Amino acid sequence: MIIEGKDIYFADLNKAIKQADASEVTVNNIIGQRYIGSGVQGKNLILHGTPGNALGAYLDNCNITVYGNVQDAVGDTMNNGEIIVHGNGGDTLGYAMRGGVIYVKGNGGYRVGIHMKEYQENKPVLVVGGRVGSFLGEYQAGGILVVLGLGVDNSFPTGNYCGTGMHGGVMYIRSDVPPQNPLPHLLIRECAREDLTEIQPFIKNYCSYFNILEADIFNKPFYKITPGGGNHYNTIYAHN
Amino acid sequence: MSINFIYPEYEVVRNEKRCIKCRACERQCANEVHSYDQEFDCMEAQESQCVDCQRCVTLCPTNALKIVKTNNRYRENANWQQQTMEEIFRQADTGGVLLSSMGTPKDYPNYFDKILINASQVTNPPIDPLREPMESKVFLGKKLNKLEFDENDELLSEIPPQIELEMPIMFSAMSYGSISENAHKSLARAATELGICYNTGEGGLNQDLYQYGANTIVQVASGRFGVHRDYLNAGAAIEIKMGQGAKPGIGGHLPGKKIQEKVSRTRMIPVGVDAISPAPHHDIYSIEDLRQLIFSLKEATNYKKPVIVKIAAVHNVAAIASGIARSGADIISIDGFRGGTGAAPTRIRDNVGIPIELALAAVDQRLRDEKIRNDVSIVVGGSIRNSADVVKAIALGADAVYIGTAALLALGCHLCRTCHTGKCNWGIATQREDLVKRLNPDIGSRRLVNLVSAWNHEIMEMMGGMGINSIEALKGNRLMLRGIGMSAKELEIFGIAHAGE
């Protein structure tokens, strides 16, 4: 089923998508409509154009492919499913996602993967092909963040304060140089090839979705970032 | 040792003639104050651990116990009082941020106590609620300014989603994690029986409690704990938590040791890992951004659930509320600075924010001035202590109130203000299985139903006295209020006359 996205109000567009009697829905000429995929069940959405903020918020049992860039807060509190973006992502990409996978071909904005978490068998994964802005993985409590830094040479592909408040989960950052001024509460080490087993299937998918050679990914080192031991929040209080 | 010694704040007074050494006090105290000395066949007390929760006192079968505040005093000083000095000792000892629980105990003015309620005499008959019809039901949500009908008198206008309450009182947000499963069960059952709502707080909704969904408000906070599609659709409404009266401007932090298997499942986070609620929602830096979260929630629930935005009462609350009313929210909830908390930095709890009475009066007036008062309902909380406070709040412009501390008191809380230790002897603010069992949800819910039913009856008595027979007619009816002992400025903010005027 195909829906024309031009000149249609977001609420009407989302209603049309929800009510579409087809498991695969294509929307053409999207121009900034928000909340696409929020509350949609059991569908594959193929989106052409530029979806607005909060694409795939609370995504559950639904997959989204975007041919274009996306804006802010994509996959906010996403439960499961897959979002594939053939373009760049914005700020707070994957905010508090607890399941599913997001692949962004290009870059991400600020606070990517903020407050990502995991529980039981749910473990979210977010793969960004290019570079990301500051505060990557802020408050990360679980899940896997991967930044491939494609097209970025001789600089670490994240902005400042990478992993601030990180207290769970793991990041894999591909870079030919180690991070500058890493935050003291993080453990950072260069990965051996076998350390990458965990992300291998997601790299494979990334390459196949965006037509990139796997060899071009593994030609640079990866750095693995995890929170250091010790609970620094418990030590800052005095019971009164 | 000597330099950091603080004399125990409370002393355990044991009447040896009455004490039968049954050791009930020892079994009841999670703080391990009481112990039995076999050699000397006597009970002992480690008073430095005592928090004055009164658990041992109430369960002593022979009334042999009482807890008294120590009369050991530092040299008197009106400026440097004992508490002030001890806080300095604690910080000098630990280097820590002082952490406290529940609402501020400081002696700030309580304006509810400076407001008096009117009654009819001669010119307008009082109404007897026991024998005459009286409406305590309220609907919370956006109200349309006009209704449109077709030629057959069928309603054309789409009525925005509403919360229907049998009385203008709800249980305020307290998360599973900060309080126990049995406390949540008590609140959920009582809310269902009363035809009102309780609020999950930001800790998600336990699977067993989905059955009470029609009487549940589900909360979405910056940590997004336990938020998913079924959760959002489970309740009567969704509340976005932007702030909390006891700690405006800061986030929350549930220590990993409180995140057991069940709490982890409900919050949808790993076991044993700290649950951090950031101070801001990092996708909300403006009213426009708030609108975005509101509508993403409305989209996820097909526009069937009213969305509440909860903020702390702060200095510019009226302007903020005006923005929220324009953001698409259906209900604004305002939490005053005397509101409770499971843990907050002492300095913030005791110094940040403003009283709910002033915030409410300012917000209601602002929304009326801007002709957007009907676009939202207003719910207020932050130390509503009795039915008279409820009546005064409604007359100042509230649609309903949230009660938190009062509800916990009904469940057995004695306001010892040490929730942050996780060792609540009353089974409320704890996740320790042996302590949680002490709160029986059958008894807990019964006591909550008793409390709120009694308040509702009192509210109707007071309304009847004024010759008013519905909450709707009391709402914003400031002519029914008079100030006592207030300055001209205070009266101006409240929009009420002084007693005698």
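The structure described here is a predicted model. Cys60(B) is placed in the loop that lies between helix H2 (55–59) and strand S4 (65–69) of chain B.

Cys60(B) is one of four cysteines, together with Cys19(B), Cys22(B) and Cys25(B), at which an unreviewed UniProt entry places the feature "binding site". These positions span 42 residues in sequence, yet no two of their C-alpha atoms are more than 10.5 Å apart, so they gather at one spot. Cys19(B) is found in a loop as well, between strand S1 (10–14) and helix H1 (24–28) of chain B. With a relative accessible area of 17%, Cys19(B) is also buried, because this value falls under the 20% cut-off. When residues up to four places away in sequence are not counted, Cys19(B) touches Arg14(B), Met43(B), Thr62(B) and Ala64(B).

At the level of the whole chain, the assignment divides chain B into domain 1 (2–72) and domain 2 (167–472). The C-alpha centres of domain 1 and domain 2 of chain B lie 35 Å apart. The size of an interface is often expressed as the accessible area that is lost when the parts come together. Between domain 1 and domain 2 of chain B, the buried area is about 920 Å², and carbon and sulfur atoms give 52% of this area. On the side of domain 1 of chain B, Ala30(B), Cys53(B) and Arg55(B) supply 54% of the area buried against domain 2 of chain B, more than any other three residues.

A further element of chain B is an open sheet of three strands, in the order S6-S20-S21, with mixed pairing. Strand S6 (115–117) and strand S21 (497–498) of chain B form the edges of this sheet, each pairing on one side only. Strand S20 (residues 481–483) of chain B runs parallel to S21(B), and two bridges join these strands. Within this pair, Arg482(B) stands opposite Ala497(B) of S21(B). Helix H11 (residues 387–395) of chain B packs on the sheet, where the helix touches S6 and S20 of chain B. The direction of helix H11 of chain B makes about 95° with that of S6(B).

Definitions and conventions. Residues are numbered from 1 along each chain as its sequence is written. Chains are lettered from A and ligands numbered from 1 in the order in which they are written. This is a predicted model: local features need pLDDT of at least 70, side-chain atom pairs count only at pLDDT 80 or more; totals for chains, interfaces and linings use all residues. Side-chain values use heavy atoms; hydrogens and water are left out. Two strands pair if DSSP finds at least two bridges between them. Helices (H or I, at least four residues) and strands (E, at least two) are DSSP runs, numbered from the N terminus. Contact means heavy atoms within 4.5 Å. Axes are lines fitted to C-alpha atoms, for helices over the stretch in contact, and angles run from 0 to 180 degrees between N-to-C directions. UniProt positions are given in the numbering used here, feature names are shortened, and annotations may be inferred rather than shown by experiment. Buried means under 20% relative accessible area, exposed over 50%, partly exposed in between (1.4 Å probe, protein chains only). Domain bounds come from an automatic or database domain assignment. Buried area is the accessible area (1.4 Å probe) that two parts lose on being put together, summed over both.
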